[in-house]
Amino acid sequence: MTLQMVGIEKSYSGFRVLRGVDLSVAPGEVHALLGPNGAGKSTLIKCIAGAINPEAGSIRLDDAPVEDLTPTRAFELGIAVIHQHLSLVDVLSVTDNLFMGHELRRGPLINRRAQRRVARELLDQFGIDVPLDAKVGTLPIGTKQLLEIAKAWHRTDVKVIVLDEPTASLSESETQRLFAEVARMKQRGARIIYTTHRLGEVFRIADRVTVLRDGMVTLQEPVASLVPQRLVAAISGGNEEAAGKRTATAGEVVLDVDQLAGPRFGPVSLQARRGEILGLYGVLGSGRTSLLETLAGRFRPSAGQVTVNGTRVAVTSPARVQRAGVALVPSDRQRQALWATRSASDNLLLPSFGRLAAGALRRPGRERGLFQRTATALDLQPPDARRAGGAFSGGNQQKLVLGRWLARIDELSVLLLDEPTQGVDVGARRKIYDVCRELTERGVAVVFASTDADEVAALADRALVIDAGRVIAELAGDEITEKSLLDHAHQFTGVTA
Amino acid sequence: GGVKEDTGSAKSGSCQRKKDKVIGFDYPLTSLAVYGDLKRFAEQRAKERGYELRYTADDENLQKQNANMQTWVTQQLPAIVSYPLEPASMEPLAKQARANCTVFVSYATPLQNEDASILFSGLESGKALGKAAGDWAAKHSGPVKVLILNNRDLAVGAQRDDGLKATFPGDAKNAEIVSTQKAGTRADGEQITRTVLQAHPDLNMVLAYDDDVAIGAQQAFLNAGKAADDPNIFIGGQDGSKEGLQAVQKGGIYRVSVAVRIRDIGFAVTDVAADLLEGKPNKGVNVPPVALTVDNPQLKDYLSDYS
Amino acid sequence: MTTTTSTTTSAASASAPAVGAKRDPIAVALRSALLIGLVVLTIFFTAQSNLFLTAGNLKNIALSGAVLMVVAVPQALLVIMGVVDLSVGSVIGLAGVVTGLLIVDHGMAWQLAALIGIAIGAVAGLVNGLLVAFTRLSPIIVTLGTLQLYRGITQFLRSNPPANFGKGMQLLGRGLYLGVPVPVWIALVVFIIGAIVLYGTPSGRYVYAIGVNKEAAFLSGVATRALPLIVYAATGAAAGIGGVLLSAQLDSAPPGTLGVGFELNVLTAVLLGGIAFSGGRGTMFGVLLGVAFLGVLNNGMTLMNVPYYAQEMATGAALIIGAGLDELSQHSQLIRAIGRRR
Amino acid sequence: MTTTTSTTTSAASASAPAVGAKRDPIAVALRSALLIGLVVLTIFFTAQSNLFLTAGNLKNIALSGAVLMVVAVPQALLVIMGVVDLSVGSVIGLAGVVTGLLIVDHGMAWQLAALIGIAIGAVAGLVNGLLVAFTRLSPIIVTLGTLQLYRGITQFLRSNPPANFGKGMQLLGRGLYLGVPVPVWIALVVFIIGAIVLYGTPSGRYVYAIGVNKEAAFLSGVATRALPLIVYAATGAAAGIGGVLLSAQLDSAPPGTLGVGFELNVLTAVLLGGIAFSGGRGTMFGVLLGVAFLGVLNNGMTLMNVPYYAQEMATGAALIIGAGLDELSQHSQLIRAIGRRR
Ligand SMILES: Nc1ncnc2c1ncn2[C@@H]1O[C@H](COP(=O)(O)OP(=O)(O)OP(=O)(O)O)[C@@H](O)[C@H]1O
Ligand SMILES: Nc1ncnc2c1ncn2[C@@H]1O[C@H](COP(=O)(O)OP(=O)(O)OP(=O)(O)O)[C@@H](O)[C@H]1O
Ligand SMILES: [Mg+2]
Ligand SMILES: [Mg+2]
């Protein structure tokens, strides 16, 4: 009476992503599926969801073979999947999205009344505070993530629940609520597969762990018998380095933001110094993204001033702000940063092409040189300039986006990063932290926003807690701990941590 | 400096005409109802004389016609009969063709570079329609409200329109042109006439650039509930297409179609080219447009061509 | 806790309705600047010609727009799904000519002939749908191809127009029922069906889902191939109906010209009505507005006897302005505020 | 359009090598099934008519494709950027008629008149660009609007075609330089410029970046408004050149018909050449193939004396097959394997 997968294999254009994976999950078990970026976790999950068909191997549910799976068939079998990349439809309402593909009907028509009733209950269950008729496109990403989860929850006979990095954009309080729901489903005997890059969570909810590397199982054990170090080693392949130390010392102020206000935030005043890493911590929807994106020139501020290196900057467009030495690594990689079908070279060098060109013409030699240097500095895997951006794993995609500004470090004064390690594995995360440190050593001020208190504690030299679009607390040095951040952030939200 | 005129592939004077009995007939308005009949007559005569006819697919498109004619010129067809959508654009091609020893017969409009032409004057056709309409209006006691449906995008349409303007309304003092619109198809004719009928419920004359458009206009009157033989209504078309003539024959509101004898033209397409190929002198033909009304004895002859 | 949440929620929901919730026609009307543009246009033409706002002329406008509406409704669904059918003009021609030649050459009863014509339209649409759904070809190039293919077949079938279809077809084309032309009734029925499909059935939600994010729709279990296929077939059938109606109106079916260029009219009406060519956005009410706008513009200018070149200029300018107005109503705070106030 | 982003497509495109990497022309050729289709077509026509593969006929094909090429090159850049200009046919008409009437009615030197015509084309393109870049209007509806607007203006300027432009224009239209028609030389130059822009300059990278992900391009500092604006103006200028060349070739400029329907030819060539209407994908070599395919098809069928309805059917079918071949070459393992082997 389990979910069993045996010998699953899958290749993409000759590249073997899954090489015979075995996995079984018993009723009432939470099974953590771990592994570095590109290990094949999402691919395996897509096989269970019926989104793709494996080339070899078999899936059995309750001892019955499952063949020719499609998303609809999977749903009928009681397999609920929350995919890593959101499957919500922006222009439709919350209710429409919750029931997409499996509407409650009255004859051929949608039974809207019943749908609204069930939707209301679901939203309350997950504590999602949005109007049922709101268009999903207008909601913050964290809320979308919760909706995505609720969408899989609206039926009672779920036998298998698969969650592919559900907490990547959730804050602590939402994560707790999710875990409570997971525990409830566990009680009911569901088989739960759970993927995450936040290893702490594994010890909070998982019963067993499977680690994938390069499409093969490298570790499969009950959590009880596991120590964190072994887990990290299994995921990173053993070559894990210690976290870098804070080395650079803060210099003069390079970024001076004075009473800046914009969409959904402000007024905000803050300063960032040369060689300093400034962390912005807050709950979902606290306005960090809007603040960073406004600083980067995406929105026009409604009030306030921005001064970079002592000169006032008219925040009118990203190009303008970049000329002043301020650049952004946005939070939504797929939508705001990546050219999935273009080469790694294009992705990495796009802002540099103009500078590398001689007159109007490109200089391929120089481009290759810069690509190689940057790719090496970032440890891009594989360091193939011609590979399409979308074909890289999440962590390496993030390196491409970050590398875009690393390649222009000579002109860079301030680097803004929004959720820099979202969906990024342990190894890549470390690399990104290292690059941030390196940047500070070369005199750049780094400002990053994160929903992960751990991350802020690990990386920031100074931290600002943001709530409702304003700075509500400032912490420095040793004050920055996970606990202090959570305390400050939740003090005003009324949710007990 | 280095740019030279393109005289076609062969040097002038040194070419040799092919011996094949092939005539190219380039007719760009393939969607017109008369095209089928025209082709039939040309084919009939070609069969009698042992010739093969070739056709183009110009899609009423000037550039396509140009490209297709250029292809034929290069191909050195022994003879080409072409209906130029735009006369000036055909001149250089006709010149090249003749330099290539191709017999070039112009259709519908005279060219400078031609061996002969098959003419049925658009101007005269328009004039004849104008005159027939004017005569009817003069005999008509009440006021005559006129809708003109022209199509000046085509050279022949512009000629017909010019002709019409030259003779209409003329002396018919009771005729008033209430609307002039462009219409190229039967559907245009119906739609525009319907709307103008709304503005002028007393509209009682439509003069159309061709029979297709006029048939659309007639349909609009019928759709508006007018009697098929309402004595107060005059619809006139041009071409002498089968449907146009049949409509005239019914003796209803479709009172005139200015016709050229499609049979004569069809025969001429083959005959003029074939004569010239065979060395017989032929200056071409000029088929006169005739305004055919129900009581015109020629109507039956013209119609019999189609049976 | 639960109670407070839901109160705030419902309060908020009143001010930000979602697409699906926009069905209240008056709210939509108030939010639509294009509608205001249409009203202005109507007032202008009424001032220019006292014939404009008469029952007869309105009937005339409705009749002119009827076939456009019939085809625009399923086309709108296609465009919302992110695909398009450019072959509708040729399908109109094909269906009309087939119907006509069955009646005229084969002496078939007009009802049967019309049904066969419509069925052939559906088949033509199905072919489009198969080509689009089961290959990765661009819908534009596929239907540009069939646009020519179907026209060629039509002209191959008959070179002269079949004509004189008899009483039944005449009544179909221009008969009145309760004082309203039959084609207008048909257009109304098609419109209502379209609106029910789009707003009342799960398939309507899938249409949006496919248009916005086909991958997401697929993962949610939506039939991302079958649904476009069905709507293509429906579009073909609608074009078939259009072809039958048009040839009934003309009492003849010219193979070379029936429906030529119609695809552009349909596309114009649909886009003007605020349906995004990139898919995922649009309303049925918008389609209605688009069709009405074009009909009024055309009719008014003919009534005013505007010369054809000026008509072309005005149509072009009106298209851009109309689309601009529609865009405005999607984004302007002002107009949204007016919409909220009621 | 979002259609192409089906599940399977996004999967495949992720693993395909990036477009920019495909620059090696021989590799491109080998990977292109459309090229193979073109070769097959050529062999077929050569077998059918011994005239097909003669210097004179090849010259004809090139001449008939020259203007198409001139306009297709900048149009391809627009389509890769995710926008489009449907007004090119009318801009051709406008520029040709203006040039013609300046020569004929005002006795202007043809060189100056041609320059003014081209400049007017550029202005018309700039207007399109401004409307598209600075409003949120769909490029399709904007340029459908200007398609009519510009045609109306053209017909307002002159109702009868200006004609007989004299020796200079004649040589421009059909004169030979080194045995090759002047318009073909111009098309070649435009093609080379287009290829250099797309592959040799940073702007070429921006063109792709805007087409694939405009938001990401904007955030990375690309001028996401100015660049489309410039390419629109360039497209207008190219259509202006096309208008001048066409009227030179025709030695007349009929206001109602010059360039009518040209936008569809251009779009067909561009899409056939594998440029995705949804933007972000395509090559200059593909444009060349698309133009050549259409030219060969048309010419060969005329040589073979195919009846007009059969030509329409064949063109339609060939379009779909051609697009299918191109699609195949983008995705087929087989063809990729061949490409890799060398
Ligand atoms: N109601 C809204 N309407 C339009 N855009 C919004 C809305 N809410 C958020 N966004 C935008 O969506 C993106 C992501 O939203 P998100 O909630 O992450 O940002 P935020 O509100 O700044 O919260 P956080 O502090 O968690 O980053 C940002 O670009 C933000 O500007
Ligand atoms: N559609 C696809 N086409 C080609 N390659 C793909 C495709 N999807 C995934 N891959 C490749 O398959 C490998 C496994 O990807 P997968 O998304 O399963 O990894 P993952 O373990 O989920 O990584 P992450 O932790 O970043 O989510 C990666 O190398 C990825 O580049
Ligand atoms: Mg994954
Ligand atoms: Mg955020």
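Across the interface of chain D and chain C, the rule finds zero salt bridges, a salt bridge being a side-chain nitrogen of Lys or Arg within 4 Å of a carboxyl oxygen of Asp or Glu. This is a predicted model, in which local features need pLDDT of at least 70 and side-chain atom pairs count only at pLDDT 80 or more, while totals for chains, interfaces and linings use all residues. Residues are numbered from 1 along each chain as its sequence is written, chains are lettered from A and ligands numbered from 1 in the order in which they are written, and side-chain values use heavy atoms, with hydrogens and water left out.

**Interface**
- The contact (heavy atoms within 4.5 Å) takes 46 residues from chain D and 47 residues from chain C.
- About 4,200 Å² is buried between chain D and chain C, with carbon and sulfur atoms giving 73%; buried area is the accessible area (1.4 Å probe) that two parts lose on being put together, summed over both.

**Ligand 1**
- Around ligand 1 there are 15 residues, each with a heavy atom within 4 Å of the ligand, and the closest are Pro140(A), Arg264(A), Arg288(A), Thr289(A) and Glu293(A).
- An oxygen atom of ligand 1 lies 2.9 Å from an N or O atom in the side chain of Arg264(A), and a polar side-chain atom of Arg288(A) is 2.6 Å from an oxygen atom of the ligand.
- A polar backbone atom of Gly287(A) is 3.0 Å from an oxygen atom of ligand 1.

Technical notes
A polar contact is a pair of N or O atoms within 3.5 Å; within protein, one must be able to donate a hydrogen and the other to accept it, and residues adjacent in sequence count only if both atoms are side-chain atoms.
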